[in-house]
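Student: Could we go through this model by its strands and helices, one question at a time?

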Amino acid sequence: MARRLPPLNSLRAFEAAARLGLIKLGAEELSVTHGAISRQVQQLEAWLGVPLFDGSKHAPRLTETGRQLLPALTAAFDQMETAISQIADSAEGALDVSCPGTFTMRWLIPRLHHFQAAHPGINVRLNSSGTSSDPIGNNVDVAIRVGKAPWPIGVQVIELFNEKFGPVHAPSVVLAGASLLHTVSRRSAWADWAQRAGVETGEQGSAEFEHFYFMLEAVTAGLGVAIAPWPLVADDVASGRLIAPQGFIESGLSYVTLRRKKQNRKADIFCAWLKSAAEAYAAGDRA
């Protein structure tokens, strides 16, 4: 016999909003908009034929029916989560890792074959999802980030290495009058470096790029001088494609791994390997 149930999304929306007490908080937990949660709750109310909330939209209160429904839904979702976690908590299968795109291309991917050779049963799926305030979204097991404390509440933080940065340019570039290259994601890089290095950058032409990788390609092509983190240009400097005239200094930021504080053997294995790879990198740091 087919189960006579309302749509699962409407049940999830109501349960999150009712448990947390506000539509807004439910939307944040499920990573959807306030309007989406409201529509799902309205859909559930229409299906049931009774209201679940009353009061204003800024201070909603559960109706008697809502209070009756909430604990049953919470228990059901808790039971489903436990069952799924038991299946997912194995040493094989997919592991979703979020990482900034340029760091993924320049540092992580060149080392990832070592992990895959040692753990062929784990399928590492790389993406660049997540935000600084919510790096561990619904579809992320491990996140690699660069920044500084405080980190988001409720996650385990594993230190990898401190960041060093400095100006780099192609051998063909004449420094006098060269354009200063910037990226949207880190517009203060030149000012931050100048302050830490105790130098003046002067009035020079400039150009800005939407993505960090675009800026690195531009500096390699001889379009100007850029402030770059050592992990992202180490190979270029070693090969002579780029020159670092003033070396690299501490930026005050750190590369870290963030993960949920729950059992996940695949995440345990990956984070242990990542920590080991970071230690090997730091030990051989020639910046």
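Sheet, helix packing and local details

Student: In which sense do strand β5 and strand β10 pair?

Tutor: Strand β5 covers residues 142–147 and strand β10 residues 249–260; helices (H or I, at least four residues) and strands (E, at least two) are DSSP runs, numbered from the N terminus. Two strands count as paired if DSSP finds at least two bridges between them. Here Gly 147 stands opposite Ser 254 in β10. Over six bridges, the sense of β5 with β10 is antiparallel.

Student: What are the ground rules for the values?

Tutor: This is a predicted model, in which local features need pLDDT of at least 70, side-chain atom pairs count only at pLDDT 80 or more, and totals for chains, interfaces and linings use all residues. Residues are numbered from 1 along each chain as its sequence is written, and side-chain values use heavy atoms, with hydrogens and water left out.

Student: Which residue is the bridge partner of Phe 161 in β10?

Tutor: Strand β6 (residues 155–168) also pairs with β10, in the antiparallel sense and over nine bridges. In that strand, β10, the partner of Phe 161 is Tyr 255.

Student: Which are the edge strands of the open sheet?

Tutor: Eight strands make up the open sheet, with mixed pairing and the order β4-β3-β5-β10-β6-β9-β7-β8. An edge strand here pairs on one side only, and that holds for β4 (122–127) and β8 (206–209).

Student: Which residue of β8 is the bridge partner of His 182?

Tutor: Strand β7 (residues 180–183) pairs with β8 in the parallel sense, over four bridges. The partner of His 182 in β8 is Glu 208.

Student: Which strands does helix α7 touch where it packs on the sheet?

Tutor: Helix α5 (residues 101–118) packs on the sheet through β4, β5, β6 and β10, where contact means heavy atoms within 4.5 Å. The direction of α5 makes about 175 degrees with that of β4; axes are lines fitted to C-alpha atoms, for helices over the stretch in contact, and angles run from 0 to 180 degrees between N-to-C directions. Helix α7 (residues 212–220) makes about 130 degrees with β9 (225–229), and the strands touched by α7 are β6, β7, β8 and β9.

Student: How are α5 and α7 oriented to each other?

Tutor: Their axes are 8 Å apart and the packing angle is about 55 degrees. Angles under 35 degrees count as roughly parallel, over 145 as roughly antiparallel, 65 to 115 as roughly perpendicular and the rest as oblique. The pair α5 and α7 is therefore oblique.

Student: How many nonpolar residues does the contact of α5 with α7 have?

Tutor: Thr 102, Met 105 and Arg 106 of α5 make the contact with Phe 212, Tyr 213, Leu 216 and Glu 217 of α7. Ala, Val, Leu, Ile, Met, Phe, Trp, Tyr, Cys and Pro count as nonpolar, Asp, Glu, Lys and Arg as charged, and the others, Gly among them, as polar. Two residues of this contact are charged and one is polar; the nonpolar ones number four.

Student: How are α2 and α3 oriented to each other?

Tutor: Helix α3 spans residues 34–48, and the axes of α2 and α3 lie 8 Å apart at an angle of about 105 degrees. Ile 23, Lys 24, Gly 26, Ala 27 and Leu 30 of α2 make the contact with His 34, Ile 37 and Ser 38 of α3. The two helices, α2 and α3, are therefore roughly perpendicular.

Student: Which residue meets Arg 67 in a salt bridge?

Tutor: A salt bridge is a side-chain nitrogen of Lys or Arg within 4 Å of a carboxyl oxygen of Asp or Glu, and the whole structure has 11 salt bridges. At 2.9 Å, N to O, the partner of Arg 67 is Glu 64.

Student: Which residue does a cis peptide bond join to Ala 149?

Tutor: Most peptide bonds are trans. This one has an omega of about 5 degrees, and its proline is found in the loop between β5 and β6. The residue joined to Ala 149 is Pro 150.
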